[in-house]
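Here is a short report on selected strands, helices and charged contacts. View the structure first, then read on.

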Amino acid sequence: MLLLTLGVAGVALASVAVLSRVAVRTAYVRLESEARAVRLSGLASVLDDTQAASAANVEARLAQAASSLGLRLLLLGPDGSVRAASSPELRAARVEVQGDRLQIEEREEEGGVVRSRKTVLVGAPHVPMAGGGGTLYALPPVRDGAEPLEPRSLATLNRWLTLSALGSGLLAVLLTLALSRRILAPVEALTTAVRRMGSGDRSARVAERGSDEISTLARAFNAMADALARTEGLRRTLVTDVAHELRTPLTNLRCQIEALQDGLQAADPAALASLHEETLLLARLVDDLQDLALAESGHHLPLRLAPLRLEEVVLAALAAMRTGAQERGITAQSEVPADVVVNADRERLGQVLRNLLANAATHTPAGGAISVTAHRAGDSVRLVVADTGGGIAAEHLPHVFDRFYRADPSRARATGGAGLGLAIVKQLVEAHGGSVAVASEPGQGTQFTITLPAAPY
């Protein structure tokens with residue numbers, strides 16, 4: 001990121017420097033040309049007034065003007081011959097004029113050696129003299145170690161541009177370092193948290209600051225970590241609960257079998273009935289776990305959906321539990337209209353009702369009542385299973401559909417429940433495309449409301 005920023009800043013600054021230099025040089029040359037033209041016009045006017053003077057006086061004025069202008073001046077006659085010049089070398093030069101092309105050949109003597117130097121100028125600034133007295137030319141100076149005015153100005157400009165580029169580059173470096181630290185610090189924290197998560201530390205979290213993309217990523221990571229932690233907790237709880245539920249019947253079976261083997265108990269019908277009851281308890285627990293697993297998988301749960309008269313299923317479920325309810329003095333009644341039809345799987349819906357009725361019978365005291373009602377609401381059917389039991393405390397209501405959850409653990413174990421019935425109800429109802437809810441108050445009973453898709457008329 002630092003190299004990329006420096007590269008972009010360098011290209012931008014170089015482009016600005018080059019364009020600025022070209023623009024300034026162009027403007028400088030234009031202004032300087034205009035200024036020279038004005039000064040040449042003024043000098044030509046002065047020379048017009050001294051045309052009658054001697055050539056020495058004219059050349060003295062040219063030398064003085066050339067020194068102030070930083071140029072070499074050459075006055076040609078109408079025939080193209082050199083009339084006067086700002087220096088003796090230029091005065092002795094051979095000059096040819098061809099349109100706007102000016103060719104000058106000068107001779108220089110250095111160390112007894114005579115050298116010839118030819119200069120060709122195109123479009124050199126010039127001013128015609130009044131009265132056809134010739135033409136005054138302004139020639140660039142000869143570089144003899146003293147830098148002329150124009151290069152010095154451009155050198156100053158280049159120095160300022162260089163200093164500006166260095167300052168801007170340094171500012172770009174500082175800003176990039178600050179920005180990269182702000183970006184990379186959260187990224188490094190995320191990387192560290194991910195590595196901790198990968199090593200098994202489910203408590204790894206990152207700080208959430210601001211509302212930018214990095215903060216959004218941090219919140220998504222924390223949400224994922226929370227979900228993984230909940231999943232891991234559920235998995236451990238499931239393993240612990242399953243082991244606990246299997247341990248009791250297996251322990252009973254082992255103890256009774258060992259007693260039979262050691263001759264401490266006779267293999268009479270009572271002992272065999274007890275063993276058979278424990279195996280049925282194990283089978284029911286395994287079946288519940290299998291049903292729950294199938295229901296939670298959703299698309300793996302085999303459902304044979306078809307239009308189904310709800311009254312038939314409710315009456316069959318009530319008949320299965322009515323004998324046990326009557327022994328305890330519990331009345332069970334149905335108020336389901338005969339024309340209420342749902343789109344459901346008969347066997348699975350019967351399982352849902354049996355689980356709800358068994359749960360209601362377990363928590364309804366002797367002399368209580370259980371009712372099943374239903375009515376159509378638009379494209380749905382609402383089925384309500386209500387009892388007059390002791391109700392469920394508010395702190396337990398959010399967890400009644402959790403696996404292995406018991407509001408009254410000791411009572412549920414005494415009756416053989418494993419805490420899976422309501423969890424199976426929820427999964428089976430949702431597999432049908434419906435929903436289930438619970439409402440209860442301590443001492444006022446409990447109501448389970450199931451919403452299922454209604455079959456078309």
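L76 has V82 of β2 as its bridge partner. This is a predicted model. The two strands involved are β1, residues 72-76, and β2, residues 82-85. They pair in the antiparallel sense, over 3 bridges.

The hairpin of β1 and β2 has 5 residues between the strands. There G80 takes a positive phi near 90°.

## The five-stranded sheet

An open sheet is formed by 5 strands. Their order is β9-β11-β12-β14-β13, and the pairing is mixed. Strands of a sheet pair through backbone hydrogen bonds, either parallel or antiparallel. Which strands stand at the edges? They are β9 (331-335) and β13 (435-441). Each has a single partner strand, so one side of each is left without a neighbour in the sheet. On average, neighbouring strands of this sheet are turned by 15° against each other, direction ignored.

The partner of β13 is β14, residues 445-453. These two strands pair in the antiparallel sense over 7 bridges.

## Packing of α7 on α8

Helix α7 spans residues 310-327, and helix α8 spans residues 346-363. Their axes are 9 Å apart. The packing angle is about 45°. That value makes α7 oblique to α8, because angles of 65 to 115 degrees count as roughly perpendicular and those under 35 degrees as roughly parallel. The crossing of α7 past α8 is right-handed.

Which residues make the contact? From α7 come L310, E312, V313, V314, A317, L318 and M321. From α8 come R346, L349, G350, L353, R354, L357 and A361. By class, the contact has 10 nonpolar, 1 polar and 3 charged residues.

## Salt bridges

How many salt bridges does the structure hold? There are 8. One of them joins the side chains of D226 and R205, at 2.7 Å from N to O.

This pair links distant parts of the chain, with its residues 21 apart. D226 belongs to helix α5 (residues 213-261). R205 lies in the loop between α4 (149-198) and α5.

Methods:
Residues numbered from 1 in each chain as written. Predicted model: local features only at pLDDT ≥ 70, side-chain atom pairs only at ≥ 80, totals over all residues. Heavy atoms only, no water. Pairing = 2+ DSSP bridges. Helix = DSSP H or I, 4+ residues; strand = E, 2+ residues; numbered from the N terminus. Axes fitted to C-alpha atoms, helices over the stretch in contact; angles between N-to-C directions. Parallel < 35°, antiparallel > 145°, perpendicular 65-115°, else oblique. Left-handed = near helix turned anticlockwise from the far one by under 90°. Contact = heavy atoms within 4.5 Å. Nonpolar A, V, L, I, M, F, W, Y, C, P; charged D, E, K, R; others polar. Salt bridge = Lys/Arg side-chain N within 4 Å of Asp/Glu carboxyl O.
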